[in-house]
Amino acid sequence: MGSEIHSSSEDIKQGRLSPVTLLESCLERIDRFESEVRAWVFVDRERARGEAEAAGKEIRQGHWRGPLHGIPLGIKDIIDVFDWPTAAGSRLWAQSIARRDATVVERLRQAGAVILGKTVTTQYASFDPSPTRNPWHHGRTPGGSSSGSAAAVACGMCLGALGSQTGGSITRPASYCGVPSCKPTIRRVSTDGVVPLAPSMDHVGPMASSVRDLAIILQVIAGQDPRDLTCSSRIVPDFAARLQEPLRPPRLGRLRGPFEELADSSMRTLVDKTIKRLLDRGAKVCDVALPASFAEVLPRHRKVMAVEAAAFHGPRLQRHPEDYKPKIRTLLEEGLACDGPEYARCKEHQRQLSIAMTGCFEGVDALLTPATTEPAPDAQSTGDPAFNSPWSYTGLPTVSIPAGWSEDGLPLSIQLIGRPWSEADLLAAACWCEDTLEFEHRELPG
């Protein structure tokens, strides 16, 4: 991975590093890795250079906007950036120029970030593999749907990136590529200007090189948005300030059941080793039982996603069936075939399970699971979202952090799940774990 936002930001603020120099180091990494990894739809070098020069000038004049000022970031290509196409992996939308920035992009600009380009997404943020390859093994998937965002951060092509998640599309690619990620509580971050998949479960969140960097990005993009009336009006706490306080060993609840049964041996071993290390350093870990209704979460999540995706894409699928790849087409056909009462039953299950899950946090600060069922599989799939979809369905916030390596050199991650709206405490627990685990960073091949 490349530089971290929090350290680069301090160097920029103190005049030890210019935004232009930082940007050029990212462009050098793009030149080195992009031909094999294919993380970007496009990179706007000249516009980014102009933004970096303007940021440097502002900072020299004493107008430092905050820790994202002059920091190069990537934007998943389902999120509108003014005057750039939002193709969402579609051939027909490849020239669909955005007339304004999505709210999250507007907020990043206001914070002084340098918007470097658009990162590759699977088509319509669904399951058909994208052209992006895993930076650690080009025959393996980077995950989806935020494939390019995860790969770009892993390669140091940018210092952070925005992804989105409806099933496992932030956590899974970040984990397969070996970078930290945060899926916030549902409605914490606006989805204005974001191509929808299933609006009741669509989340936007950051990937970066450390938990502290996740907090910096989330701080900027979170909060009430008059353009998105579903976005929460809750006060956004100061996430970065929370991480500057003394970090205490967390109380963690280990989830077993499907999180052991569906995990391969490398992921089960990872969790066992991780928990031992955390216990040795003072964390408390206990087993936590899942509600009985959790057993139905995966098929019901799939049905909600299928129906809501079909509501958006159905008319277009009729007009342009050739523009839909097999897996997204299958999902939409399932949604179109679902009857109204069954969708209503799934939505009631979703509501009830979200309530029942709050009981799992009695006496613990966060829940712990493997982030994925296995290391990155081959590039013909985007991997299994089974360990991530439940949190998109219930809307609970998650943070994933790299915690080890497979025998064949692929990164493995753990996932922490928090109470609704508990991102400050969740990031603090994840930051303590990250510091304690001291993940072994390796040089990328090639």
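The expected span of a helix is 1.5 Å times one less than its number of residues. Keep that rule at hand for two of the stops below. One caution before you start clicking: this is a predicted model.

**Stop 1: helix H10**

Select residues 265-280, which make up helix H10. From its first C-alpha to its last, this 16-residue helix reaches 23 Å, close to the 22 Å expected at 1.5 Å a residue.

Now show the side chains of Met-267, Leu-270, Val-271, Thr-274, Ile-275 and Leu-278, the buried residues of H10. They lie on the same side of H10, because the arc they cover around the axis is only 125°.

**Stop 2: an aromatic cluster**

Next, select Phe-259, Phe-294, Phe-387 and Trp-391, which together form one aromatic cluster. The structure holds nine aromatic pairs. In one of them, Phe-259 and Phe-387 have ring centres 5.0 Å apart and planes at 50°, so this pair is tilted. The two residues are 128 apart in the chain: Phe-259 belongs to helix H9 (residues 258-261), while Phe-387 sits in the loop between strand E9 (366-370) and helix H14 (389-394). Both Phe-259 and Phe-387 are buried.

Stay on Phe-259 and look across to Trp-391. Is this pair stacked or tilted? The ring centres are 6.0 Å apart, and the planes meet at 10°, so the pair is stacked. This pair, too, links distant parts of the chain, joining helix H9 to helix H14 across 132 residues. As for accessibility, Phe-259 counts as buried because its relative value is 2%, and Trp-391 is buried with a relative accessible area of 0%.

**Stop 3: the nonpolar core**

Select Ile-79 and Leu-108. Among the 129 residues of the largest nonpolar core, these two touch the most other members. Helix H15 (residues 423-437) supplies the largest share of this core, ten residues.

Centre the view on Ile-79 and display its contacts. Leaving aside residues up to four places away in sequence, Ile-79 touches Thr-86, Ala-102, Val-104, Val-105, Lys-118, Leu-162, Gly-193, Val-194 and Val-204.

**Stop 4: helix H3**

Move to residues 45-60, helix H3. Its 16 residues should span 22 Å at 1.5 Å a residue, and its end C-alpha atoms are 22 Å apart, which agrees.

Which residues of H3 are buried? Highlight Ala-48, Glu-51, Ala-52, Ala-55, Gly-56 and Ile-59. The arc they cover around the axis is only 135°, which puts them on the same side of H3. Glu-46 and Arg-60, on the other side of H3, are exposed.

To see what covers the buried residues of H3, bring up helix H1 (5-13), helix H2 (19-37), helix H4 (103-110) and strand E3 (114-119), which are included in that cover. Just after H3, look for Gly-62, which takes a positive phi of about 90°.

**Stop 5: Met-207**

Pick Met-207 in strand E6 (residues 203-208). Met-207 is buried, with a relative accessible area of 0%. Then draw a distance line to the C-alpha of Phe-361: the C-alpha atoms of Met-207 and Phe-361 are separated by 25 Å, and the residues are 154 apart along the chain.

**Last view: the whole protein**

Zoom out and switch to a cartoon. The secondary structure comes to 15 helices and eleven strands. Along the principal axes, the C-alpha atoms fill a box of roughly 60 × 60 × 45 Å. A compact globule of 446 residues would have a radius of gyration near 22 Å, and the protein's value of 20 Å agrees.

Colour by accessibility, and the buried residues you see make up 59% of the 446 residues. Of the contacts with a separation of 6 or more, 78% come from residues 24 or more positions apart.

Terms used: Residues numbered from 1 in each chain as written. Predicted model: local features only at pLDDT ≥ 70, side-chain atom pairs only at ≥ 80, totals over all residues. Heavy atoms only, no water. Phe/Tyr/Trp six-rings, centres within 6.5 Å; stacked < 30°, edge-to-face > 60°. Helix = DSSP H or I, 4+ residues; strand = E, 2+ residues; numbered from the N terminus. Buried < 20%, exposed > 50% of the residue type's maximum accessible area, 1.4 Å probe, protein only. Core = buried A, V, L, I, M, F, W, Y, C linked by side-chain atoms within 4.5 Å. Contact = heavy atoms within 4.5 Å. Arc of directions from axis to C-beta. Rg over C-alpha atoms; globule rule 2.2 N^0.38 Å.
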